[in-house]
Amino acid sequence: MATTAGAAATDETGKLIAVIGDEDTVVGFLLAGVGHRNAEGQNFLVVSSETEIPVIEEFFRKVTNRSDVGILLINQFAANLIRPLIRDYNKVIPTILEIPSKDLPYDASQDSIMQRVNMVLGLQG
């Protein structure tokens, strides 16, 4: 039975991957088939220097409250713009994963999730 990528991504066994990031990151994931758009909205947000922080915060809140999203990938530079929201986020699903962007390397010391992991493992004082 043939299914479309959108149908396969939202069946009973799977959840969507949402993306917040720069244009290159978002387009890359869209080309990989991650994009999903319906009447309620989409699962991706392109962040540029013109994107206002309240827009990012609103999208973050919206996507983390969707039952069909399992993972939120966010460029670390965008995560830094909404760090208080991410620091206060305590749900397991959707899981938030901070990823590097093309222009900025990943810094584990800024990643709230890695800080929690280190604290649980006793690697942080």
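Which residues make a nonpolar surface patch of about 200 Å²? The patch is made by Ile17, Ile71 and Leu97. Patches consist of residues with over 30% relative accessible area and no salt bridge, like charges being joined within 9 Å and nonpolar side chains (Val, Leu, Ile, Met, Phe, Trp, Tyr) within 5 Å. A salt bridge is a side-chain nitrogen of Lys or Arg within 4 Å of a carboxyl oxygen of Asp or Glu. Accessible areas come from the Shrake-Rupley method with a 1.4 Å probe, and for residues only the protein chains shown count as cover.

The model is predicted: local features need pLDDT of at least 70, side-chain atom pairs count only at pLDDT 80 or more, and totals for chains, interfaces and linings use all residues. Residues are numbered from 1 along each chain as its sequence is written, and side-chain values use heavy atoms, with hydrogens and water left out.

The secondary structure comprises 6 helices and 6 strands, arranged along the sequence in the pattern α-β-α-β-β-β-α-β-α-α-β-α. Helices (H or I, at least four residues) and strands (E, at least two) are DSSP runs, numbered from the N terminus. Of the 125 residues, 33% count as buried, where buried means under 20% relative accessible area, exposed over 50%, and partly exposed in between (1.4 Å probe, protein chains only). The protein exposes about 7,600 Å², of which carbon and sulfur atoms supply 59%. Among contacts (heavy atoms within 4.5 Å) between residues at least 6 apart in sequence, 63% join residues at least 24 apart.

Strand 5 is joined to strand 1 by 5 bridges, and the two run parallel; strands are taken to pair if DSSP finds at least two bridges between them. Within this pairing, Leu16 has Val69 as its bridge partner, and Ile17 has Ile71. Strand 5 is also joined in parallel to strand 6 by 5 bridges, with Leu72 opposite Ile96. Because 6 of its 7 residues are buried, strand 5 is largely enclosed by the rest of the structure. Strand 1 is likewise mostly covered, with 5 of its 6 residues buried. Ile17, a residue of strand 1, is partly exposed, at a relative accessible area of 31%.

Apart from its neighbours within four places in sequence, Phe60 is in contact with Ile20, Leu72, Ile82, Leu85, Ile86, Tyr89 and Ile96.

Two loop positions may also be described. Most peptide bonds are trans. A cis peptide bond, with omega about 0°, joins Ile93 and Pro94, and Pro94 lies in the loop between helix 5 (83–88) and strand 6 (95–99). Asp103 is found in the loop between strand 6 and helix 6 (112–121) and is exposed, with a relative accessible area of 62%. The C-alpha atoms of Asp103 and Asp24 are separated by 9.9 Å, although these residues are 79 apart along the chain.
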